[in-house]
Amino acid sequence: MQKLSKKRNLKKKMNYKIVAKYIKDLKFEIPSTRAFFLLEKNISNYKIKIDIKSKQFKEKLIEVEITLSLDSIEKNVDKINTRIIYSALIEIEGDLSKKNLLEEIILIKVPTEIYPEIRNLFVFLFKKSGFDKIKIDENIDFRSLHEKRSFQ
């Protein structure tokens, strides 16, 4: 009788769980009537900007902040000022010294999971302000963004 041995995955896994998430900061400023009326015409002069930061809160708890903003490409114009900072508190299961796995969780997995919520909040604010035609990507490939940034 042959003994079959199972191969064990020797690579340590690192799992995470989002234990809390909230809007940390919200700014939605339309400074003038002129900016309001010019926004729809000048929306192509704005670009979406996403920033991700993290900091350790406790031993196995990390706060991940994702900032979504709409920034004007042009200077010296009446412009809107919009920004959402969305915070997720994640609990890590595994060895925190595995930097590449931790980086993947913080920069790819968590943002991918909570981006739809942030986007929906952003779109909601624009719609309630009279801008029904705002176009913000429904999905963002955070893995691709991370890889591009790593090569720079």
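Which residue in β4 is the bridge partner of Y22? S87 is that partner. The rest of this report sets the pair in its surroundings.

## Model and numbering

This is a predicted model, in which local features need pLDDT of at least 70, side-chain atom pairs count only at pLDDT 80 or more, and totals for chains, interfaces and linings use all residues. Residues are numbered from 1 along each chain as its sequence is written, and side-chain values use heavy atoms, with hydrogens and water left out.

## Overall layout

The protein has three helices and four strands. Both are DSSP runs numbered from the N terminus: helices are H or I with at least four residues, strands are E with at least two. Along the sequence the pattern reads β-α-β-β-β-α-α.

Of the 152 residues, 32% are buried, meaning under 20% relative accessible area with a 1.4 Å probe, protein chains only. Take the contacts between residues at least 6 apart in sequence: 73% of them join residues at least 24 apart. Contact means heavy atoms within 4.5 Å.

## The sheet

The four strands form an open, antiparallel sheet in the order β1-β4-β3-β2. Strands count as paired if DSSP finds at least two bridges between them. β1 (15–29) and β2 (46–58) are the edge strands, each pairing on one side only. From one strand to the next, the twist averages 15°.

β4 (residues 81–93) pairs with β1 over 13 bridges, in the antiparallel sense. K27 stands opposite R83 in β4. β4 also pairs with β3, again antiparallel, over ten bridges. V64 stands opposite A88 of β4. In a regular strand, side chains alternate between the two faces of the sheet.

## Helix α2

Helix α2 covers residues 99–128, 30 residues in total. Its first and last C-alpha atoms are 42 Å apart, close to the expected 44 Å. That expected span is 1.5 Å times one less than the number of residues.

α2 has a kink of about 45°, centred on P111. The bend at a residue is the angle between axes fitted to the seven residues ending there and the seven starting there. After α2 comes G130, with a positive phi near 95°.

α2 lies across β1, β2, β3 (61–72) and β4, and runs at about 145° to β4. Axes here are lines fitted to C-alpha atoms, for helices over the stretch in contact, with angles from 0 to 180 degrees between N-to-C directions.

Note on methods
Buried means under 20% relative accessible area, exposed over 50%, partly exposed in between (1.4 Å probe, protein chains only).
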